[in-house]
Amino acid sequence: EIDDTPPETTIVSGPPATTRSLVADFQFSSNEGVAYFECALDPDPALPLEEQFEQCPSPTGEAGSRAQYGGGDLFPGDHVLYVRAVDTADPPNVDATPAEYRWRILGGPDTLIDTFPEDPSGPSATFTFHAFDPETENPVNDATFECRLRRLNTAGEFQPCGSRHPVTGIVSHTFTGLQEGEYLLEVRGVSRDGLHDESPDEYGFTVAVPPVVTIESGPDATT
């Protein structure tokens with residue numbers, strides 16, 4: 001008897017609907033014996049879906065009922081995975097209604113500069129800042145930070161900055177040796193997954209270094 005009944009596919013598990021992880025694990029099953037599963041991650045809507053399936057990337061390197069995406073496959077934003085089963089019939093039958101799974105990867109944490117020096121500032125300027133989850137507004141206590149301090153209308157690069165107080169948990173950074181001029185500080189939080197704030201908080205300020213007065217001559221100490 002010829003088996004011409006296509007299998008049905010079920011995605012048993014996947015990542016949370018909203019997550020910050022750049023790795024996604026899936027497990028799926030079928031209602032009948034299956035040779036393998038095929039996956040289509042974020043298919044191009046301009047192309048037929050059935051042309052974009054390929055063997056699911058197994059975390060063990062062998063075909064099976066699991067798939068794992070990461071290592072550059074995923075990025076912040078909305079994602080969709082389609083999975084279809086292929087049975088062992090000859091010729092094989094393919095699920096014509098693939099299972100579908102949607103989830104969202106959040107970007108880096110939001111950043112807020114909490115305290116800053118007076119404006120104008122002297123040659124030393126101390127700032128405190130923190131990172132928080134833009135969805136819940138809860139603090140992200142394991143975030144690290146990057147700062148870019150530059151004079152106005154000049155370029156610069158972000159560099160690691162900030163140290164966390166072991167008791168209070170407050171993160172601060174002090175810039176020293178600043179010359180006179182107008183400055184812009186940008187601070188961005190970085191999650192433990194390496195996702196950084198796409199819209200860093202910023203603070204503009206002026207450095208006014210007091211003049212150094214030197215007395216070059218005067219009367220004798222005793223006269």
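Mentor: Start with a definition: buried means under 20% relative accessible area, exposed means over 50%, and partly exposed lies in between. The model is predicted.

Trainee: Why is glutamate 100 called partly exposed?

Mentor: The relative accessible area of glutamate 100 is 43%.

Trainee: Why is arginine 102 called exposed?

Mentor: Arginine 102 has a relative accessible area of 53%. Exposed means over 50%, so that value puts arginine 102 in the exposed class.

Trainee: What makes the contact of glutamate 100 and arginine 102 a salt bridge?

Mentor: Their side chains meet at 2.5 Å, N to O. The cut-off is within 4 Å, between a side-chain nitrogen of Lys or Arg and a carboxyl oxygen of Asp or Glu, so the pair qualifies. Side chains of opposite charge can pair when their charged atoms come close. The structure holds eight salt bridges.

Trainee: How do you know that arginine 188 and glutamate 146 form a salt bridge?

Mentor: The N to O distance between their side chains is 2.7 Å, and the limit is 4 Å. Arginine 188 is in strand β15 and glutamate 146 in strand β11, so the pair ties together parts 42 residues apart in sequence.

Trainee: Is arginine 188 buried or exposed, and why?

Mentor: Arginine 188 is buried, because its relative accessible area is 15% and the cut-off for buried is under 20%. Glutamate 146, at 21%, is partly exposed.

Trainee: What makes glutamate 186 and arginine 150 a salt bridge?

Mentor: Their side chains meet at 3.3 Å, N to O, and the requirement is within 4 Å. Glutamate 186 sits in strand β15 and arginine 150 in strand β11, 36 residues apart, and the pair links distant parts of the chain. Both residues are buried. Salt bridges with shared partners join Arg148, Arg150 and Glu186 into one network.

Trainee: Why is phenylalanine 129 called buried?

Mentor: Its relative accessibility is 2%. Buried means under 20%, so phenylalanine 129 counts as buried. Phenylalanine 129 lies in strand β10, and the residues it touches include Leu112, Phe145, Cys161 and Val187. Arginine 188 is 59 residues from phenylalanine 129 in sequence and 9.3 Å away, C-alpha to C-alpha.

Trainee: Which residues line the largest pocket?

Mentor: Among them are Thr19, Arg20, Asp133, Val140 and Arg192. The lining divides into two nonpolar, three polar and five charged residues. The pocket holds about 170 Å³ of space.

Terms used. Residues are numbered from 1 along each chain as its sequence is written. This is a predicted model: local features need pLDDT of at least 70, side-chain atom pairs count only at pLDDT 80 or more; totals for chains, interfaces and linings use all residues. Side-chain values use heavy atoms; hydrogens and water are left out. Helices (H or I, at least four residues) and strands (E, at least two) are DSSP runs, numbered from the N terminus. Buried means under 20% relative accessible area, exposed over 50%, partly exposed in between (1.4 Å probe, protein chains only). Contact means heavy atoms within 4.5 Å. On a 1 Å grid over the protein atoms alone, a cavity is a set of points where a 1.4 Å probe fits but cannot get out, and a pocket is an open set with protein on both sides within 12 Å along at least five of seven lines; lining residues have an atom within 4 Å of a point. Grid points are joined across faces, edges and corners, and a volume is the space filled by probe spheres set on the points. Ala, Val, Leu, Ile, Met, Phe, Trp, Tyr, Cys and Pro count as nonpolar, Asp, Glu, Lys and Arg as charged, and the others, Gly among them, as polar. Lists of a residue's contacts leave out its neighbours within four places in sequence.
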